[in-house]
Amino acid sequence: MITRRALEEREREWLAPYAVKSVDSKGRVYSEKEHDFRTAFQRDRDRIIHSTAFRRLEYKTQVFVNHEGDHYRTRLTHTLEMSQIARTIGRALRLNEDLIETIALAHDLGHGPFGHAGQDALSELMKGHGGFEHNAQCLRIVEKLEESYSGFPGLNLTFEVREGLRKHAKNRVPSLEAEIVDCADAIAYNGHDLDDGLRAGLLDFKDLEKVQLWKGADRYIREKALSQNQTIRTKIAIRLIINRMVSDLISETAKNIKKCPIETPGDFARSQTPVVRFSNHLTKKVSSLKEFLMNHLYLHYRVVRMTEKGKRFIQELFRLYVSKPEQLPPQVRKRAKEDGVWRAVCDYIAGMTDRFALDEYNRLFSPYERV
Ligand code: MG
């Protein structure tokens, strides 16, 4: 039998001295008895997976709006791909994989419907009313909005997980685990957006020849005569590119940890030099891939159309609710009493999936729909 205590012991033996150990956690806001068979971080991970906000990721847009096709990434599949990349990196560096997985699974919970449209529209609408930012919203969800327990609001996650989700905040206590998740996020979307963009026919193989990472992968495939089939060649190329980024990040970070040196989690929190990063050589290549995706995919007229349409849905729903809050369901009106109408509407819309937002739009704006 493997008890929590045995798992904690194993962390001590297995993990690097600079890894965050679950037994050293600063704990939860509302104190709870520890679980018999799960460490504190494993328990947090399970709380995320069982949350309502996590299930909604399935019908939220990453880049392509959900009904555009069945094979594009959604926020959920992005989250899963990113989490496994982050865990691979963390494991290789002997970091706390459970903490990494928990932060990874929760990192996009705060996104609204329609991808970036959600973030852009809500932050414009909330100007002068406390603002909107998806990382802050993620924390609001796990600390307040999820309702699952009788003794406290939110999920009562450990300090380390919440710190991992708290980005851009002053006085944040960062961990190597949280930084790894950040980098894995970029690795995951660079890889899968390229894949989705090609699948959608929005990206052109000719244009891609200017992207060094792609060119390198393509050359390798040709030299090894791996396949003549374009679909398989694309898959191999993307796999090679992801692997290149992951391997480079692991070796460069390991080097920096040694050089600094980082010997405890505290050393990392105090360190002024960037530790989790690509080599200079790869940084340039990754930037050029990002730039390519920005110009050819995120700014592609069809993607902009999708995003702008999403923004309009959100703006119109928002204005309608705020102009007459009596149209809101009872649980949202109850929140409005506590947090004000604007914040309650913002939380409500941010929580919507693409699917729900579209249905709601139809219910409220098309005369023949039932309300
Ligand atoms: Mg993400």
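I will go through the overall fold of this chain and then its magnesium site.

What you see is a predicted model. The secondary structure is quickly told: 18 helices and 0 strands.

On overall dimensions, the C-alpha atoms fill a box of roughly 60 × 55 × 40 Å along the principal axes. If we take contacts with a separation of 6 or more, 72% of them come from residues 24 or more positions apart.

Now the surface. The accessible area of the chain is about 18,900 Å², and carbon and sulfur atoms make up 51% of that. As for charge, there are 62 positive and 53 negative charges, and their mean positions lie 1 Å apart.

On to the metal. Which residues coordinate the magnesium ion? They are H78 and H107, each through NE2, and D108 and D185, each through OD, at 2.2 to 2.7 Å. Written as a sequence pattern, the donor residues are spaced H-x28-H-D-x76-D. Take H78 and D108 as a pair: they are 30 residues apart and link distant parts of the chain. H78 sits in helix α4, residues 75-92, while D108 is in the loop between α5, residues 97-106, and α6, residues 116-125.

Are these two buried or exposed? The cut-off for buried is under 20% relative accessible area. H78 has 1%, so H78 is buried. D108 has 4%, so D108 counts as buried too.

Technical notes
Residues are numbered from 1 along each chain as its sequence is written. This is a predicted model: local features need pLDDT of at least 70, side-chain atom pairs count only at pLDDT 80 or more; totals for chains, interfaces and linings use all residues. Side-chain values use heavy atoms; hydrogens and water are left out. Helices (H or I, at least four residues) and strands (E, at least two) are DSSP runs, numbered from the N terminus. Contact means heavy atoms within 4.5 Å. Accessible areas come from the Shrake-Rupley method with a 1.4 Å probe; for residues, only the protein chains shown count as cover. Lys and Arg count as positive and Asp and Glu as negative; His and the chain ends are not counted. The place of a charge is taken as NZ of Lys, CZ of Arg, CG of Asp or CD of Glu. Donors are N, O and S atoms within 2.8 Å of the metal (3.2 Å for Na, K and Ca); water is not among the atoms, so sites may look incomplete. Buried means under 20% relative accessible area, exposed over 50%, partly exposed in between (1.4 Å probe, protein chains only).
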